[in-house]
Amino acid sequence: MAAASDAASSASTASESARQAWLSQRRAYHQLCHDKCKSFWSDKLSTSTNPHDMWSTVDRLLGRGHRACDRVSADELSRFFTDKVEWIRSTTSGSSPPTYSPVPPGVSFTEFTSVSLDDVATAVAGLPDKSSALDPIPVPVLKAVSDLLAPFLTYLFNILLSSGHVPAAFKDSFVTPVIKKPGSDEGNPSSYSYRPISNLSVISKILERFVVRQLVSYLDTHRLLPATQSGFRRGHSTETATIRVLSDLLDSVDRGDTAVLVLLDLTAAFDTVDHEILLKRLRATFGVDSIALAWFSSYLAGRKQQVRCGGKTSAIIDVICGVPQ
């Protein structure tokens, strides 16, 4: 028993040592990236020969001076985003229906836990100081009067969580088209130059965070997510995904096997999520049911969006598939 205990303690120490070494290298990497970026822009500014060049550099650094919609209208972008999704859905309409792996016996998530006043106050205090056009008051003002509004927000959130309902005002969004790559044909939406980013009201996003926190805790507790999934998980990132793939490739080569890496990029993956399939998967594979499932159903139904950029706004359209990104 003593030997086994010593072995376990040694393994635990080695594991913690490896973790600390990885964290140290990760911090060094991020610091190196920061230093290189700072050095690059410092050199750009110091070598500017006149004020015009200097301010042009500052504008590029801050992302100013160039906007989407300078060469294309908001309605054109809205039609492009809608037509693109409809085309993808039409080309895959004949696909076989998905299969769902069953949830383990006795595992279910049927209702949300009430949030406390402290939870809401902490969430409001942690908001970044940026607002959406859908916000009734700017975020800095909301944070300044959070002690007065937090009790009302707590009551509202708990009513919505316990009833499985999401109000229509929380499901409206402004879509901001973001240019994917500088130098692309920005006057032609069909060139896939733009990525649609949904801007929601900050109150709705606070509610979403409470839902995400409880759902992810449930999924992690019952180990319902694949061990190799790195997206949207705390402690995981593109770095951990890359390290895992690299490790598998090196292990394969070390065994004398042939290693082949196949990459698949799904276009408009977020925008083409089928609501019915998503709800069935939540229930069948992850055990989300009853009030909790009703909340997600209400969250997905009746969503509306309009493209807004460059002072222009498109017509409002109904969102029949996809999730905000």
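Why does Ser314 count as buried? Its relative accessibility is 5%, and buried here means under 20% relative accessible area, with exposed over 50% and partly exposed in between (1.4 Å probe, protein chains only). The model is a predicted one, so local features need pLDDT of at least 70 and side-chain atom pairs count only at pLDDT 80 or more, while totals for chains, interfaces and linings use all residues. Residues are numbered from 1 along each chain as its sequence is written, and side-chain values use heavy atoms, with hydrogens and water left out.

Ser314 sits in the loop between strand S4 (312-313) and strand S5 (317-319); strands are DSSP runs of E, at least two residues, numbered from the N terminus. Leaving aside residues up to four places away in sequence, Ser314 touches Ala74, Asp75, Ser78, Gln306 and Val307, where contact means heavy atoms within 4.5 Å.

Now for strand S3 (residues 303-309), which is mostly covered, with five of its seven residues buried. S3 pairs with strand S1 (residues 172-179) in the parallel sense over four bridges, pairing being called when DSSP finds at least two bridges between two strands. Gln305 of S3 is the bridge partner of Ser173, and Gln305 also stands opposite Ile317 in S5. That S3–S5 pairing is antiparallel, over three bridges. S3 and S4 pair in the antiparallel sense too, over two bridges, with Cys309 opposite Lys312. These two strands make a hairpin with two residues between them, and Gly310 in the turn has a positive phi of about 60 degrees.
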